[in-house]
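The following exercises concern a two-chain protein model. Each task is followed by a stepwise solution.

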Amino acid sequence: MNPFFDFLLAFIPRAVVQGTPLLYGSVGEILTEKSGNLNLGIPGIMYAGAISSVIGGFFYNQHIVETGGVMSPALAVLIPFLSCLAGSLLMGLLYCFLTVTLRANQNVTGLAMTTFGVGIGNFFGGSLIKLSGSDLPSISLAEISKYFHAPLPFAKDLGWFGELFFSYGFMVYLAIFVAIVASWVLKRTRAGLHLRSVGENPATADAAGISVTRYKYFATCIGSMIAGLGGMYYVLDYASGSWSNNAFGDRGWLAIALVIFAIWRPGLGIPASFLFGGLYILHMYIPTGTNLAVKEIYKMAPYVVTLVVLILTSLRNKRENQPPEHLGLPYFREER
Amino acid sequence: MSETIPAVSLRGITKTFGPVKANDHVDLDVYRGEILALLGENGSGKTTLMNMLSGIYFPDEGTIAIDGRPVVIDSPHTAMQLGIGMIHQHFKLVDVFTAAENVALGMPGKLDLKETARRIREICAQYGFDVDPNQKVYEMSVSEKQTVEIVKVLYRGADILILDEPTAVLTPQEAQKLFNVLHAMRCDGKAIVIITHKMHEVLAISDRVAVLRKGSYVGETRTSQTSVSDMTTRMVGHSVKLDIERKKPKNPEPRIEVSHLSVRSAEGVLKLNDVSFTANSGEILGIAGIAGSGQKELLEAIAGLQRVESGSITYCSPSGAREELIGKSPLEISRLGVGLSFVPEDRLGMGLVGSMSVTDNMMLRTYRSGHTAFTRRRQPRDIAKHVVDDLQVATPSLRTQVQQLSGGNVQKVLVGREITSAPTVLLTAYAVRGLDINSSYVIYDLLNRQKESGVAVIYVGEDLDVLIQLADRILVLCGGEVSGIVKGTKAKKKELGLMMTHVGGERI
């Protein structure tokens with residue numbers, strides 16, 4: 001086979017696994033923004049989701065080690081999964097309480113949530129590292145990670161095709177599934193129509209008898225849980241179950257940038273995420289010789305693309321491609 | 001009527017906003033098969049009262065009964081279930097949705113837009129509307145949007161309809177169409193409440209008139225037994241002179257000469273196409289046209305707020321000097337004495353800062369004349385006091401935040417400020433939009449005084465009756481083109497209406 005094909009075969013799967021946390025984050029944020037909430041706390045929520053799953057997984061792992069039992073695949077997946085959902089739900093609820101119920105400024109709240117989420121992650125991360133008594137500043141949940149990492153059973157039999165499409169852990173497919181469902185809900189269901197109206201024009205939605213508060217709460221909390229899964233995917237699948245503080249990096253911010261890139265469409269988010277994932281690791285695949293400075297320039301690719309996209313989408317073209325009209329603004333019925 | 005049970009019966013309704021009593025123990029009955037006109041000055045609490053009926057606000061005191069049964073309307077949803085539908089002055093539509101999606105909003109059950117579209121067509125056929133269910137709202141004209149609003153409440157099975165100033169944005173022809181629809185609905189046995197400031201409409205369409213003054217209920221009469229001056233007296237509390245005095249312009253000379261002006265919007269749409277006219281001193285030039293025909297762009301181009309594609313705008317000062325305005329900054333233009341007061345649909349959008357006091361808003365115009373870094377409040381306070389007294393602005397104090405005032409009073413502050421800044425050219429758009437009859441006449445009077453003192457007044461208006469009475473010449477815009485310029489004394493309403501929809505007005 002020709003070398004270019006080999007390159008693609010190596011590159012695309014890496015781009016997909018890099019893009020998956022971004023896909024979770026951006027689909028979560030799209031749902032949130034459709035309700036008019038600009039949740040800049042997504043990086044913190046993804047971080048909190050990640051550490052929650054690690055906490056759950058860590059204690060299950062401890063339990064197995066102490067009792068000398070055998071790890072059950074179902075529990076090994078479910079416990080981190082549910083811990084992650086619970087952790088990110090709490091973050092979403094906190095954000096909603098502040099911005100919807102108390103009508104605090106969304107930008108300030110979101111940024112505070114990001115700082116808070118990263119702080120929580122590092123605090124509990126540090127505690128767990130102490131508990132595990134490890135020499136390295138990280139926790140390894142390799143046992144549990146195996147279940148997240150397992151490719152589809154028939155992937156090996158299909159050669160390069162299987163390598164390209166079926167070699168991923170189940171959470172990659174879950175991410176695509178969630179994005180498709182979100183897209184369908186927004187476009188085709190009454191709940192989606194109502195949600196969109198809340199983000200576009202809450203006064204109109206309110207007058208039509210739609211509970212603005214309830215939609216904002218539900219969309220933001222569900223969005224937070226989806227985003228939190230992105231954090232969990234990163235630790236338990238991508239990083240093979242090893243947690244170290246601050247390893248998640250700036251993926252949360254990229255997820256927010258992706259929302260704009262995907263012009264608020266979860267369906268478009270799928271290819272966009274994988275493209276961003278590719279850009280994120282582009283520097284490893286482009287031969288730059290010994291000059292490290294050139295490598296750093298390639299590392300800027302996703303951010304440069306985000307800026308370019310911001311410029312392109314801001315050049316007004318279609319009304320449908322603009323952000324929800326009431327994005328970032330609180331709603332109070334009796335305001336004059 | 002006294003023997004039938006009223007569809008809606010309000011008793012002792014009270015609502016306060018902070019220190020302002022918007023409604024004070026109001027009693028009101030609405031019957032089926034009847035059109036009730038609700039009258040009152042700005043800030044007399046008409047819209048507030050109707051908002052309580054449609055569940056937007058919740059009354060502090062009082063009871064509401066529907067068909068004799070006492071009810072609690074705690075949300076728009078409850079109001080909808082009780083068959084109450086309100087068509088708001090500012091449309092409650094989602095711009096990026098289609099008509100069908102807007103109509104389907106808030107309805108229970110599975111989303112089926114095809115079925116919704118079918119029922120919309122049915123309703124349209126029944127009452128003679130014309131709506132494309134699949135058209136996006138932002139592509140619609142104002143009158144089409146209003147039709148969607150009406151279809152929306154009918155779709156929900158509303159039989160008590162409230163219309164808040166429905167004709168404020170319509171051409172006479174469109175208004176007539178609306179009245180025909182309202183008549184059809186009345187014959188259908190629906191109860192209809194219409195809020196309007198246009199007295200001739202009240203006489204033309206309503207069966208009964210109820211009047212509010214300063215939040216209190218004044219009384220009601222059958223329309224057949226009342227007259228414009230009688231209604232106005234009830235509204236205001238004293239009699240008002242209802243003619244606009246139009247003096248002959250005193251030695252008019254050109255002030256603004258616009259020639260071959262074309263303006264393109266940011267989206268690339270041609271908003272003004274080859275517009276030419278002259279505005280003279282001591283004269284009121286009225287500009288008529290359907291909303292969005294380029295009025296805003298025209299005034300903004302003169303004030304230096306709009307990029308011009310081609311053409312020229314020349315300012316001829318009283319001393320005889322001629323200056324080209326295109327290319328000058330808005331500040332330089334306003335230093336020449338060209339003042340712009342544009343009253344947008346949302347009133348606070350241009351020119352006033354909602355969270356600042358009346359005095360501080362006056363200061364927005366005068367702060368540059370200060371000599372030190374510190375602000376001096378005395379002069380703006382004097383102007384504010386002058387405006388508040390002159391236009392009878394209902395405000396608890398000069399320190400009150402502008403956004404706490406009612407819409408009409410906000411507007412008086414805005415228009416008053418621009419007029420008292422005494423320019424040589426006064427550009428004003430929709431100065432009386434939504435203002436009650438008394439304040440409107442105060443404004444007309446102010447404009448006339450400016451005209452007599454030699455100011456060139458350009459007045460963009462919606463009410464053709466007023467334009468015909470007030471303006472010396474009327475320029476009609478149609479889709480960004482000058483459809484014609486008519487002398488005020490010779491203008492006919494019907495003719496203007498036709499010119500608004502067809503350039504030249506001959507083609508029908």
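**Exercise 1: The interface**

Solution. The model is predicted: local features require pLDDT of at least 70 and side-chain atom pairs pLDDT 80 or more, whereas totals for chains, interfaces and linings use all residues. Residues are numbered from 1 along each chain as its sequence is written, chains are lettered from A in the order in which they are written, and side-chain values use heavy atoms, without hydrogens or water.

Next, the area buried between chain A and chain B (accessible area, 1.4 Å probe, lost on being put together and summed over both) is about 2,600 Å², with 54% from carbon and sulfur atoms.

The rule finds one salt bridge across this interface, given a Lys or Arg side-chain nitrogen within 4 Å of an Asp or Glu carboxyl oxygen. E101(B) and R196(A) form a salt bridge through their side chains, at 3.5 Å from N to O.

**Exercise 2: A helix pair**

Task: describe how α11(B) and α12(B) cross.

Solution. The axes (lines fitted to C-alpha atoms over the stretch in contact, with angles from 0 to 180 degrees between N-to-C directions) of α11 (358–366) and α12 (378–390) of chain B come within 8 Å and cross at roughly 115°. Helices here are DSSP runs (H or I) of at least four residues. Among the residues in this contact are M362(B) of α11(B) and I383(B) of α12(B).

Conventions:
Helices (H or I, at least four residues) and strands (E, at least two) are DSSP runs, numbered from the N terminus. Contact means heavy atoms within 4.5 Å. Buried area is the accessible area (1.4 Å probe) that two parts lose on being put together, summed over both.
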